[in-house]
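Hi,

Here is the structure I said I would pass on.

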Amino acid sequence: MAEERTDTDWVAIERSTEFQELTRSKRAFVVPATIFFMVWYFGFIALCGYAPDFMGREFITDGLTVGYVLALTQFVMSWVLAVMYVRRANKTWDPLAARVRASVDGRRDGELAPATRFRRDEAATEHEEVPQR
């Protein structure tokens, strides 16, 4: 079971430039990808309901209809988006998350210093004073 850190200032971490860069970068990919997939998916459903003649047209060969081809593209689109997400996560988000973890632990460029930047009682954050108890 993971050790819970009660002395970490989570609000300060959320306000840090490293964390904001990570969430901004993820949101810049996830929101458009989700919108694109939902439009693709619900467009297919709408075509099935409102354009049955179009969806029933044979395509390329006998027995293969536009509807079948578009249905198969749903699977292809899911895999393509998953591969794009994993590549972006490995290339961009994992290094950003490592920078966030390093800033929480108080390390800089491989240094093994004790955490001070986001400790509630030990140091003030760069954004606000930490109230003393």
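Below is what turned up when I went through it. Please keep in mind that this is a predicted model.

Let's start with two helices, H2 and H4. H2 covers residues 17-50 and H4 covers residues 66-105. Their axes come within 10 Å and cross at roughly 175 degrees. Angles over 145 degrees count as roughly antiparallel, so that is how H2 runs relative to H4. If you sort the residues in the contact of H2 with H4 by class, you get 21 nonpolar, 7 polar and 5 charged.

Next, the aromatic rings. The structure holds 6 aromatic pairs, and one of them is Phe29 with Tyr85. In general, a pair of aromatic rings is described by the distance of the centres and the angle of the planes. For Phe29 and Tyr85, the centres are 6.1 Å apart and the planes sit at 55 degrees. Planes under 30 degrees apart would count as stacked and over 60 as edge-to-face, so this pair is tilted. The pair also links distant parts of the chain: Phe29 belongs to H2 and Tyr85 to H4, 56 residues apart.

Tyr85 comes out at 33% relative accessibility and counts as partly exposed.

Phe29 and Tyr85 also form one aromatic cluster with Trp93. If you zoom in on Trp93, look for Lys26 as well: its charged end sits over the Trp93 ring, 5.6 Å from the ring centre.

Two other spots are worth a click. Ser16 is in the loop between helix H1 (10-15) and H2. With a relative accessibility of 1%, Ser16 counts as buried. A polar atom of the Ser16 side chain lies 3.3 Å from the backbone nitrogen of Phe19.

The other spot is Thr92, in helix H4. Thr92 has 26% relative accessibility and counts as partly exposed. Thr92 and Leu22 are 70 residues apart along the chain, and their C-alpha atoms are separated by 8.6 Å.

Cheers

Notes: Residues numbered from 1 in each chain as written. Predicted model: local features only at pLDDT ≥ 70, side-chain atom pairs only at ≥ 80, totals over all residues. Heavy atoms only, no water. Phe/Tyr/Trp six-rings, centres within 6.5 Å; stacked < 30°, edge-to-face > 60°. Helix = DSSP H or I, 4+ residues; strand = E, 2+ residues; numbered from the N terminus. Buried < 20%, exposed > 50% of the residue type's maximum accessible area, 1.4 Å probe, protein only. Lys NZ or Arg CZ within 6 Å of the ring centre and 35° of its normal. Axes fitted to C-alpha atoms, helices over the stretch in contact; angles between N-to-C directions. Parallel < 35°, antiparallel > 145°, perpendicular 65-115°, else oblique. Nonpolar A, V, L, I, M, F, W, Y, C, P; charged D, E, K, R; others polar. Polar contact = N/O pair within 3.5 Å; in protein donor to acceptor, adjacent residues only side chain to side chain.
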